[in-house]
Amino acid sequence: MDVTISFFYKLIPYLSPHICCIDLTHAFGGGIENVSLPCVDRLDKRVVINTRTLKDLKEQYSLNGVPENMSERIVLIENCVHIPELTGRKKL
């Protein structure tokens with residue numbers, strides 16, 4: 001586990017309550033989800049990149065007695081870019 005990332009979660013309790021705290025989780029199961037668990041109530045938003053990680057975090061919350069309303073703070077921003085269809089060709 002990256003020491004820099006775990007430092008973020010250790011630092012959160014010392015931040016003023018008005019400081020907005022947001023994390024980004026790429027995948028569940030690397031251990032950081034357990035390090036971050038004590039800080040869940042202090043995280044204003046949790047960004048995840050896929051529905052699997054969203055589901056896994058919600059399940060972790062349920063198994064660990066985290067209030068259900070904390071799941072509302074999890075935001076899915078998929079790790080992709082949608083490219084619109086071309087409407088025509090550029091004239092050279």
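Entry 1, terms and model.

I take buried to mean under 20% relative accessible area. Glu 33 has 6% relative accessibility and therefore counts as buried. I note that the model is a predicted one. I looked up its confidence before anything else. The protein averages a pLDDT of 89, and 88% of the residues score at least 70. Strand β3, residues 74–76, has the highest confidence with 97, whereas α1 has the lowest with a mean of 83.

I placed Glu 33 in helix α2, which spans residues 32–36. What is Glu 33 in contact with, leaving aside neighbours within four places in sequence? I found Phe 28 and Gln 60. I also looked up the C-alpha to C-alpha distance from Glu 33 to Leu 57, which is 7.8 Å in space for a pair 24 residues apart in sequence.

Entry 3, overall layout.

I counted 3 helices and 3 strands in the protein. Read from the N terminus, the order of the elements is α-β-α-β-α-β. The protein has 92 residues, and 32% of them count as buried. I put the accessible surface at about 7100 Å², with 58% of it belonging to carbon and sulfur atoms. For contacts with a separation of 6 or more, I noted that 65% are between residues 24 or more positions apart.

In soluble globular proteins, nonpolar side chains tend to be buried together. I looked for such groups here. Which residues make up the largest nonpolar core? I listed 9 residues: Leu 37, Val 40, Val 48, Leu 54, Leu 57, Tyr 61, Val 66, Met 70 and Ile 74. Helix α3, residues 51–63, gives the most to this core, with 3 residues. Another core, of 6 residues, lies apart from it, and Tyr 9, Ile 12, Ile 32 and Leu 43 are among them.

I then followed Leu 57, a member of the largest core. With neighbours within four places in sequence left aside, Leu 57 is in contact with Phe 28, Arg 46, Val 48 and Ile 74. Val 48 and Ile 74 are also listed in the largest core.

I located Thr 53 in helix α3. Is Thr 53 buried or exposed? Thr 53 counts as buried because its relative accessibility is 2%, and the limit for buried is under 20%. Not counting residues up to four places away in sequence, I found that Thr 53 touches Thr 25, His 26, Ala 27, Phe 28 and Val 48.

Side chains of opposite charge can pair when their charged atoms come close. How many salt bridges does the structure hold? I counted 3 salt bridges.

One of them is between the side chains of Arg 46 and Asp 23, at 2.7 Å from N to O. This pair links distant parts of the chain, with Arg 46 in strand β2 (residues 45–48) and Asp 23 in strand β1 (residues 22–25), 23 residues apart. I noted both Arg 46 and Asp 23 as buried.

I found a salt bridge between the side chains of Asp 56 and Arg 52, at 3.2 Å from N to O. Asp 56 and Arg 52 are 4 residues apart in helix α3, so about one helical turn separates them. Asp 56 is buried, with a relative accessible area of 14%, whereas Arg 52 is exposed, with a relative accessible area of 55%.

The side chains of Lys 55 and Glu 59 meet in a salt bridge at 3.8 Å, N to O. Lys 55 and Glu 59 are likewise 4 residues apart in helix α3, which means a separation of about one helical turn. I looked up the accessibility of each partner. Lys 55 has a relative accessible area of 48% and is partly exposed; Glu 59, at 41% relative accessibility, also counts as partly exposed.

Which residues make the nonpolar surface patch of about 380 Å²? I found Phe 7, Leu 11 and Tyr 14. Phe 7 sits in helix α1, residues 3–11.

Definitions and conventions: Residues numbered from 1 in each chain as written. Predicted model: local features only at pLDDT ≥ 70, side-chain atom pairs only at ≥ 80, totals over all residues. Heavy atoms only, no water. Patch = residues over 30% accessible without salt bridge, like charges linked within 9 Å, V, L, I, M, F, W, Y side chains within 5 Å. Areas by Shrake-Rupley, 256 points an atom, 1.4 Å probe, with all protein chains shown as cover. Salt bridge = Lys/Arg side-chain N within 4 Å of Asp/Glu carboxyl O. Helix = DSSP H or I, 4+ residues; strand = E, 2+ residues; numbered from the N terminus. pLDDT = per-residue confidence, 0-100. Core = buried A, V, L, I, M, F, W, Y, C linked by side-chain atoms within 4.5 Å. Buried < 20%, exposed > 50% of the residue type's maximum accessible area, 1.4 Å probe, protein only. Contact = heavy atoms within 4.5 Å.
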